[in-house]
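Here is a short briefing to read alongside the model. Take a look at the chain below, and then we can walk through it together.

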Amino acid sequence: MSRRVEILAKALNDVGATSFAEVGVWKGELAAQIIKTTDLKVYYMIDDYRNPNDQDKREQARRVAESDPRFRIIDRRSTDAANMFANG
């Protein structure tokens, strides 16, 4: 586990976070590591995969999301996704 993942997971656990939104998921590698080391109930994976060249990245993120029911993929631009959250 990278130092970046350790720091983020510790911060989420220290504050008792139950949900987290990652903006710019890429392939879902960070999400896969964080979900294993936290007590999150929901992990939002936000990315805009509209570019046809990004379809393999979206597929990899989808496979990560299917590995745990706590994942939610939001396939939108970050500014559009923000409107889905109460404090967006």
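How many bridges join β1 to strand β2, and which way do the two run? Five bridges join β1 to β2 (residues 42–46), and the pair runs parallel. Keep in mind that this is a predicted model.

**Overall fold**
- The chain holds four helices and three strands, and from the N terminus on they follow the order α-β-α-β-α-β-α.
- With a radius of gyration of 13 Å, close to the 12 Å that the globule rule gives for 88 residues, the chain is as compact as a globular protein of that length.
- Along the principal axes, the C-alpha atoms fill a box of roughly 40 × 30 × 25 Å.

**Packing and contacts**
- Buried residues make up 34% of the 88 in the chain.
- Taking contacts between residues at least 6 apart in sequence, 56% join residues at least 24 apart.

**A look at β1**
- Strand β1 spans residues 19–23, and its covered face carries Phe 20 and Glu 22.
- The uncovered face of β1 carries Ser 19, Ala 21 and Val 23.
- In a regular strand, side chains alternate between the two faces of the sheet.
- Val 23, on the uncovered face of β1, stands opposite Ile 46 in β2.

**Surface and charge**
- The accessible surface of the chain is about 5,700 Å², and carbon and sulfur atoms account for 48% of that surface.
- There are 15 positive and 14 negative side chains in the chain, and the centres of these two sets lie 1 Å apart.

Key. Residues are numbered from 1 along each chain as its sequence is written. This is a predicted model: local features need pLDDT of at least 70, side-chain atom pairs count only at pLDDT 80 or more; totals for chains, interfaces and linings use all residues. Side-chain values use heavy atoms; hydrogens and water are left out. The radius of gyration is taken over C-alpha atoms; the globule rule is 2.2 Å times the number of residues to the power 0.38. Buried means under 20% relative accessible area, exposed over 50%, partly exposed in between (1.4 Å probe, protein chains only). Contact means heavy atoms within 4.5 Å. Accessible areas come from the Shrake-Rupley method with a 1.4 Å probe; for residues, only the protein chains shown count as cover. Lys and Arg count as positive and Asp and Glu as negative; His and the chain ends are not counted. The place of a charge is taken as NZ of Lys, CZ of Arg, CG of Asp or CD of Glu. Two strands pair if DSSP finds at least two bridges between them.
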